[in-house]
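Please examine the sequence together with the model shown below.

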Amino acid sequence: MAAENPQTTQNTVLVAVFAALIAALGLVPPITVGIIPVPITLQTLGVMLAGALLGPVRGMLSVVVLEVLVLAGLPLLAGGRGGLGVFLGPTGGYVLGWIPAALVIGFLVQHWALRQARPAARFAAVLLSTVVGGIGVVYAFGVPWTAVVAGLPLSTSLLGSLVFVPGDLLKAVVATAVALNVHRSYRRLLGGVQTTSR
């Protein structure tokens, strides 16, 4: 029997760990805002961290693993939600948007943001990457999805989503700080991307 590739084993473990991390963040009770039927949760922070720390493929796969388990009925989303109904409900677009969000964040961080030479430019680039993916991409899926499923005008769904922006910006700052510290200590996490610790 051929020996298992250590890199493959490491990738599998990292994907599983981050799927578990996103699920664990769902233990924090969601906050309902009443404007639109979508709660505020901490799990978007886990999606941002998965992309920023693991890169596009492994970050995306960690979200896919989580969502397959949710689809199978496990109550891994905030508020103990799980099952097909989650994806068909008002929050379905936001949850599905996590997959391309992790992909976009990981691609931008790995191939652009971490290559910035100056620390301030690197922080700004990683922050912009998490905002583009964790807010722009997620909202691009979530806002129209909520409008269609909940029978709301698109403008109402869009305006309602603005209540999430301050919290999501804070999550992006936290994800950026964590990602830069981890990549500074473990520079091979993204397969040899050279980061400068000036």
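The model is predicted, so local features require pLDDT of at least 70 and side-chain atom pairs count only at pLDDT 80 or more, whereas totals for chains, interfaces and linings use all residues. Residues are numbered from 1 along each chain as its sequence is written, and side-chain values use heavy atoms, with hydrogens and water left out.

Consider helix 1 (residues 6-25) and helix 3 (residues 56-71); helices are DSSP runs of H or I with at least four residues, numbered from the N terminus. The axes of helix 1 and helix 3 come within 8 Å and cross at roughly 55°. Axes here are lines fitted to C-alpha atoms, for helices over the stretch in contact, with angles running from 0 to 180 degrees between N-to-C directions. Helix 1 and helix 3 are therefore oblique to each other, a class that holds the angles left over once those under 35 degrees (roughly parallel), over 145 (roughly antiparallel) and 65 to 115 (roughly perpendicular) are set aside. The crossing is right-handed, meaning that the near helix is turned clockwise from the far one by less than a right angle.

On the helix 1 side, N11, L14, V15, F18, A19, I22 and A23 meet R58, L61, S62, V63, V65 and L66 of helix 3. These residues divide into ten nonpolar, two polar and one charged; Ala, Val, Leu, Ile, Met, Phe, Trp, Tyr, Cys and Pro count as nonpolar, Asp, Glu, Lys and Arg as charged, and the others, Gly among them, as polar.

A19 counts as buried because its relative accessibility is 6%, buried meaning under 20% relative accessible area with a 1.4 Å probe and protein chains only. Beyond its neighbours within four places in sequence, A19 is in contact (heavy atoms within 4.5 Å) with S62, V65 and L66.

The second pair consists of helix 2 (residues 43-54) and helix 8 (residues 165-185), whose axes come within 9 Å and cross at roughly 35°. This crossing is right-handed. Helix 2 contributes T44, L45, M48, L49, A52 and L53, and residues of helix 8 in the contact include A172, A175 and V182. The contact comprises eleven nonpolar, two polar and two charged residues.

L54 also lies in helix 2 and is buried, with a relative accessible area of 3%. Residues up to four places away in sequence aside, L54 touches L14, F18, L49, G59 and L190.

Terms used:
Helices (H or I, at least four residues) and strands (E, at least two) are DSSP runs, numbered from the N terminus. Buried means under 20% relative accessible area, exposed over 50%, partly exposed in between (1.4 Å probe, protein chains only).
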